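Subject: Model for your files

Dear colleague,

Here is the structure I said I would hand over. My notes on what was found in it follow below.

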Amino acid sequence: MPGPNNNSTATAGQEGRGLGAQGLGAAALAVASPLPRDVNVSFEFFPPKTEQMEQTLWTCVERLAPLAPSFVSVTYGAGGTTRERTHATVLKIRKQTDIKPAAHLTCVGASRDEVDAIAQRYWDEGIDHIVALRGDPAEDAGGYIPHPDGYAYASDLVAGLKKIGDFKISVAAYAETHPEAKSPEDDLDNLKRKIDAGATQAITQFFFDVDVYLRFLERVRAAGITVPIVPGILPVTNFARVVQFSGLCGATVPPWMADLFEGLDDDPETRKLVAATVAAEQCRVLNANGVKDFHFYTLNRADLTFAICRILGVKPRAATNGKVG
Ligand SMILES: Cc1cc2nc3c(=O)[nH]c(=O)nc-3n(C[C@H](O)[C@H](O)[C@H](O)COP(=O)(O)OP(=O)(O)OC[C@H]3O[C@@H](n4cnc5c(N)ncnc54)[C@H](O)[C@@H]3O)c2cc1C
């Protein structure tokens, strides 16, 4: 997502307070205001591969469930490699907690029949929220080629899912433009196609500069897209890995972040404090600009996300919300 944000002066839309009048500087000052009271959070997990990873995931779920997230989502490994594990994790969350799980589903490398069968199974089991994605080709595939009998793009997948059931459908959005898009405008058109096909909200790829998201939101609203565009927040647990992954998915890591994390490789405690501060600041500034919904990429670790939620005014609720068996 290397594309620059454009400088549209349209207002930020339903989550924004209208930057034109207020300006970013004024909004940023509002961060020292009392804790927000009306923030909704959701969390992304990945399906565990081993018994030990399963333990780690459930410790994380147990810690975060009392925050009463609006939903939690479970990723689908590259090329559908976690099909059964994603399914098992989604069902386990549904059965053993009070939180609503959403299943990620990609269409890369699969026929429509295969994808439809997975979606039908979810629908029959009462899982009514899908995060619908194209997915990425294998590294040695030489770029993305649609499956001859498959859904070519996420917008086609969304349309296919809507024929199976009245799913809630989340799709991906890219504040810094998807790396394969011809242009930021093309990518925005693609987002609109996904919404027009029936998606009910979008979740953004992670970003670190708040301004990047706010300018993107302005462009989204100016394009007539009215559904929630939920910012994806990545608390940084391993800076080197974030830099590597950002390179692949087109997210920019600002120089000030490299400065902040420099020399902390062998100091996990300080690294964690810095990471929590960076993400909390990012979220508070977003909130000061009217953003109320946040999606956290937890990487199956609860500590940073839990702390950031508290700074957003999201605290554990009654024990029933955290029922985990
Ligand atoms: C919130 C979120 C969750 C994710 N979860 C997963 C996951 O669980 N598993 C996983 O493997 N990956 C996941 N990804 C990564 C995602 O699969 C990749 O970013 C992938 O490269 C694009 O997926 P998409 O759904 O955005 O694709 P699309 O919306 O289909 O877009 C892909 C590219 O094709 C372009 N395009 C779209 N339609 C056309 C057309 N008709 N002609 C030409 N170009 C077109 C778009 O502009 C874009 O550049 C996730 C990403 C996000 C943001």
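A residue is called buried here if 20 or more other C-beta atoms lie within 10 Å of its own, exposed if 12 or fewer do, and partly exposed in between, with C-beta atoms placed from the backbone. Helices (H or I, at least four residues) and strands (E, at least two) are DSSP runs, numbered from the N terminus.

This is a predicted model, in which local features need pLDDT of at least 70 and side-chain atom pairs count only at pLDDT 80 or more, while totals for chains, interfaces and linings use all residues. Residues are numbered from 1 along each chain as its sequence is written.

Overall

The protein has 11 helices and nine strands. Of its 325 residues, 43% are buried. Two residues are in contact if their C-beta atoms, placed from the backbone, lie within 7 Å. Among contacts with a separation of 6 or more, 82% join residues 24 or more positions apart.

Helix 10 covers residues 268–288, which is 21 residues. From first C-alpha to last it reaches 30 Å, close to the 30 Å expected at 1.5 Å a residue; the expected span is 1.5 Å times one less than the number of residues. The buried residues of helix 10 include Ala 275, Ala 276, Ala 279 and Ala 280, and also the run from Gln 282 through Cys 283, Arg 284, Val 285, Leu 286 and Asn 287 to Ala 288. Just after helix 10, Gly 290 takes a positive phi of about 95 degrees.

Helix 10 packs against helix 11 at an angle of about 40 degrees, with the axes 9 Å apart. Axes are lines fitted to C-alpha atoms, for helices over the stretch in contact, and angles run from 0 to 180 degrees between N-to-C directions. The two helices are therefore oblique to each other (under 35 degrees counts as roughly parallel, over 145 as roughly antiparallel, 65 to 115 as roughly perpendicular, and the rest as oblique). The crossing of helix 10 and helix 11 is right-handed, that is, the near helix is turned clockwise from the far one by less than a right angle, anticlockwise being left-handed. On the helix 10 side the contact is made by Lys 272, Ala 275, Ala 276, Ala 279, Ala 280, Cys 283 and Arg 284, and on the helix 11 side by Leu 304, Ala 307, Ile 308 and Ile 311. By class, these are nine nonpolar, no polar and two charged residues (Ala, Val, Leu, Ile, Met, Phe, Trp, Tyr, Cys and Pro count as nonpolar, Asp, Glu, Lys and Arg as charged, and the others, Gly among them, as polar).

Most residues other than glycine have a negative phi. Leu 299, in the loop between strand 9 (293–297) and helix 11 (303–311), has a positive phi of about 50 degrees. Leu 299 is partly exposed, with 18 other C-beta atoms within 10 Å. Asn 300 is found in that loop too, with a positive phi near 65 degrees. Asn 300 counts as partly exposed, having 19 C-beta neighbours inside 10 Å.

Helix 4 and helix 5

Helix 4 (residues 112–124) and helix 5 (residues 154–164) pack at about 50 degrees, with their axes 10 Å apart. That makes helix 4 oblique to helix 5. What covers the buried residues of helix 5 includes helix 4, strand 4 (129–133), strand 5 (168–173) and helix 6 (184–196).

Regards
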